[in-house]
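Reader: I have a model open and would like to talk it through slowly. Could you help me read it?

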Amino acid sequence: MSDHDPELDPDHSDAPEAAAENQFDPAAYDGVEGVVVREHSASSREIVAVLPRNRLDEFVDGEARKLARKIQLPGFRKGKAPVARVKSLHRPELEERGLEAIVQDSFREVVERDELQPVGPMVLQDVQLEDEATVRFAGRFDVLPRIELTGLDEIKVESKVVKVTDAEIEEELERLQSDRAELIDSDDDEVSPASWVEIRLERFAPAAKSGEGDEPLSDWEGTVEVGAEQNLPGLDSALLGMGPGEMRWFDSETKAPAEEGEEPLAFRYRVMVKGLKDRKLPPLDDEFARTLAERFESLDQLRQEVRDHAVKQKRSQAEAELDRELIEQLLQRNPCEMPGSLVEKEAEARLRRAVQGMRMQGMDPAQARVDWQAEFERARQVSAGALAADYLLDLVARDRNIEVTDDMLKDELERIADEAGQTSRQVRAELEKSKRMSGLKDSLLRRRTLEELRAGAEVTVE
């Protein structure tokens, strides 16, 4: 990897193996005349070339003539230097350029001749002037694998029936009601299970004494629900039975797992109850519906929108599951080894996004308790599957002549604009400015291709 912290380099341990794999065996030239392409793997090729020296000589002669017309040598007017003299003086650099030209020309020729789809440039393994009559070179390059699509009409998938129950609708309404509950002063005089408590919480070093004189490392004020899953370990038991104005000490360990051989981090805490609260739920009626949005005139109207949204969400989830099954079967019927360079690049990008996310949350990735080598291996596996799926879907789109038309793009822009509260012109301008329009087209093509596969698959309803 490159352009990231050395501590996060998951690939450095593979360097000796990679170097050994790329060692060139001179025996590869045996019996070769001209340019030979060998299949190193389904997604990589090896070029081995043994060419007559005259190709290089012709290049050197031509370049020497061009150079003679541009330079001035002592004793000669500019542009009148003898070609033989120029060639003698500049032969090393002209031969170097000639070798590079021969390599690149040969690479282009075999790509066109064999109808290959190279991924990135060829990596030279060897290049030499073997003798006075021969030029030799060898190199490797990644290619997209050749796939003859099979089994597209044999795909069988199960589709789930989308059902939304009345209980689910009421549960969502209760969640909306709970989110808008009001905390009011309670008449209770002590904390009990499920109480809402306004507290002040101070954190101290583990050696702090239960008394005065110690300075807290940090403090926090807020309202907590006793028994809530996110509460600090030990807080609930400390609060039970406390009343307003009371203070209590307790010990707690951090939830983060400890490194092997290390003790978990422990702190002392002091909690003070500032007050007890009751939650007052608003009534589920027409007025409650109107407080959520002006478009709701009644609770029944809100209930119907909640149902419609739940149906849409479940239908989207069912389609996503169906698409995953379609892709899995497509991969099973058409095994696809993607080029290693592409997989590595995508895995690195995934890992960089993870690192960036950690930094945005204020975490130092170099200090995080993360096995980056294992994370990179996981990213590599995920990337290999995702790239293979995208490539096969692209092949299906070509095979079925699936395209994204201007009308499809227009409809999608209008859909996005409607959800964002913008005009389609604004959305288009933003996508073009951020260079994301091609990504939107790719997403649309993928969706259309999956729809085509879904339409041709044998779908049974679960």
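Reader: What do the buried residues of α7 pack against?

Author: Before I answer, please note that this is a predicted model, in which local features need pLDDT of at least 70 and side-chain atom pairs count only at pLDDT 80 or more, while totals for chains, interfaces and linings use all residues. Residues are numbered from 1 along each chain as its sequence is written, and side-chain values use heavy atoms, with hydrogens and water left out. The buried residues of α7 (buried means under 20% relative accessible area, with a 1.4 Å probe and protein chains only) pack against β5 (156-159), α4 (166-179), α6 (286-292), α9 (372-399) and α12 (437-456). Helices here are DSSP runs of H or I with at least four residues, strands are runs of E with at least two, and both are numbered from the N terminus.

Reader: Okay, and which residues of α7 are buried?

Author: Among them are Leu299, Leu302, Val306 and Ala310, and the buried set also includes Asp323 and Gln329.

Reader: Switching topic, where is Glu115, and what is its phi?

Author: Glu115 lies in the loop between α3 (83-113) and β3 (118-131), and its phi is near 55°, a positive value in a residue other than glycine.

Reader: Is Glu115 buried or exposed?

Author: Glu115 is exposed, with a relative accessible area of 63%, where exposed means over 50%.

Reader: What about Ala194, where is that?

Author: Ala194 sits in the loop between β6 (182-185) and β7 (196-204), and its phi, near 75°, is also positive in a residue other than glycine.

Definitions and conventions: Contact = heavy atoms within 4.5 Å.
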